[in-house]
Amino acid sequence: MDLLCVMLAAAVLPISAPLQTPDTGGGKIAWSRGDLEETLTKSKVEGRPVMAYFTAEWCRFCKRLDAGAFSDDTVVRLSEKYVRVLVDCTDRDVLRAMGERWKIAGVPAVQFYDAEGRKVGEVVGVASMGELVRRMAPGGEEARVLEKLGGEWRDTHRVELRNGNVIDGVLEESGKDWVVIRWSPEAMVRIKAVDIYRIQRLVIRTAGSDLPRVDLFTPVPAPAAEEEPNEVSKVAAMPSVEEILERVSGASRDRRQELMEELREFGVGGARHLLDRISALDPDRTSWALEALRRMKDVPFDEALRGALASPRADVRAGAVYILADRGAVSMVRSMTPLLRDPESAVRTAAVSAVTRLADAGALPDLVEASQDPEDTVRRIAVSGAMDLAKRTGADAELARMWIRVLRRADDSAQADLARGLGLLASTKKAADFPEADIREALTELLRDRGEAAREAAAGALGELSPDPATARALGESLAAELNADVAARLCNSLAKIGQGEREALEALIERLRSDNDMVRRAAEGALRRLTRQNHGSNYDDWREWYERNFR
């Protein structure tokens with residue numbers, strides 16, 4: 001996610017003459033300070049789109065945007081087709097009051113409106129040049145700009161292959177006749193409109209390149225299974241297993257249990273024939289077959305499950321994974337890790353659980369990828385599983401560094417789960433090289449995210465770190481600007497743990513005693529009592545008098 005300085009932004013100021021480089025930012029773009037409402041009204045008459053820049057003098061990230069993307073010649077040129085209005089949000093009262101009107105999550109923020117005054121886009125935080133160009137340039141021009149930008153382009157990009165296949169991903173690098181696509185939660189390979197697998201890193205070469213072509217998929221054939229000695233062969237077991245399958249339909253629960261015991265008598269051969277047939281069975285008999293196979297723990301048929309892992313049916317793939325996990329089939333872990341990217345969430349859930357139980361530290365990158373899964377259940381099992389695996393193998397520092405690297409590009413829900421995971425890792429850290437300072441920086445940055453879930457998780461996670469004055473000040477600044485009650489309460493609770501002696505933290509907590517929300521007031525009062533050993537209840541005036549007496 002992009003960096004934000006504070007939550008919510010807007011202003012009501014008269015429109016003035018264009019300002020080439022205003023004090024509050026703007027780079028080389030010629031902005032006019034003004035009221036966005038009035039600007040939109042006038043732009044409708046002129047038939048021009050509007051580009052609104054919400055900024056503030058105290059916003060250090062706004063200054064980074066001014067010196068970066070807003071100073072790029074391409075961005076400046078593309079901005080000229082817009083009516084450009086700068087909304088000054090330096091006054092925090094204006095910031096809070098106008099936030100609800102324009103739905104701005106923080107500053108810096110740039111909103112785009114069409115000539116009819118309809119909002120058509122928004123970029124929040126320190127936007128890249130590529131991100132702004134994608135919002136500003138129409139289709140034809142965007143393609144030409146992309147060619148000019150080359151390796152600096154960092155936005156979601158679609159690659160259309162000549163055979164009709166489409167790849168959506170993040171373009172990491174590009175050259176004259178090649179591009180490198182980096183993985184993202186949205187990056188999917190689509191073949192004939194069917195989502196197949198997410199991609200990790202894919203090099204695509206054009207037909208004109210003299211470099212070797214890279215195939216999207218290289219199937220690895222399963223090794224031929226060998227018959228174990230002293231077991232009934234699959235061919236010999238076939239008629240009996242088919243008869244058992246026929247009797248399953250309509251059988252009572254007790255009778256089904258008896259048929260499972262009958263199947264066991266045919267050993268490896270019976271299991272293999274059942275696995276050959278399982279994808280063609282109806283759902284009821286498939287469920288019975290999976291349970292029967294799960295109970296055959298003393299029958300060695302692990303290798304025969306490879307075919308079930310590649311079944312076209314999700315219930316069979318998931319069932320095979322659970323069976324292998326129950327059997328402790330460590331040798332099959334590498335056959336299961338591709339299912340972490342399966343199109344069906346039930347299969348991904350099974351794969352995450354199995355890999356966590358069976359794998360060594362080498363599987364951490366796979367679990368880190370699954371920690372960004374769009375499905376809540378999969379993602380949370382992956383986060384918990386990655387922590388368990390890291391602690392079991394002494395790789396907690398390595399996992400923390402991996403999560404930090406993916407935190408910014410994850411979506412809001414994934415960021416929240418990753419932030420909580422980082423907090424838990426930090427609270428039980430053992431490694432001497434544990435990157436607590438890097439975690440602190442990443443979580444502090446997340447406090448300025450526009451996603452409420454991510455901010456709340458980051459606020460709670462920071463409270464699990466070792467006390468640090470800079471972190472306490474950052475929590476205090478966020479608390480002063482936070483409008484969401486749940487996030488504000490979480491900030492208060494974390495300050496209670498690490499805000500000892502920090503004036504900014506105490507002042508922010510005292511101000512929260514004036515909140516209309518009972519939960520926030522109680523959290524602020526509890527934090528103040530814990531930090532100061534004072535007991536002024538929830539009386540704002542008494543706490544303010546104490547603060548002035550001791551810190552002014």
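Helix α17 covers residues 396–407, and its 12 residues should span 16 Å at 1.5 Å a residue, which agrees with the 16 Å between its end C-alpha atoms. The expected span here is 1.5 Å times one less than the number of residues in the helix. Helices (H or I, at least four residues) and strands (E, at least two) are DSSP runs, numbered from the N terminus. The model is predicted, so local features need pLDDT of at least 70 and side-chain atom pairs count only at pLDDT 80 or more, while totals for chains, interfaces and linings use all residues. Residues are numbered from 1 along each chain as its sequence is written, and side-chain values use heavy atoms, with hydrogens and water left out.

Helix α17 is mostly covered, with 9 of its 12 residues buried; buried means under 20% relative accessible area, exposed over 50%, and partly exposed in between (1.4 Å probe, protein chains only). Among the buried residues of α17 are L399, M402, W403 and I404. The buried residues of this helix pack against α15 (364–370), α16 (376–393), α18 (412–427) and α19 (436–446), where contact means heavy atoms within 4.5 Å.

Turning to the strands, β2 (residues 50–55) is also mostly covered, as 6 of its 6 residues are buried. In a regular strand the side chains alternate between the two faces of the sheet. In β2, V50, A52 and F54 are buried on one side, and M51, Y53 and T55 are buried on the other.

Strands count as paired if DSSP finds at least two bridges between them. Strand β2 pairs with β3 (residues 83–88) in the parallel sense over 6 bridges, and A52 stands opposite V85 in β3. With β4 (residues 109–113), β2 pairs in the antiparallel sense over 5 bridges; there, V110 is the bridge partner of Y53.
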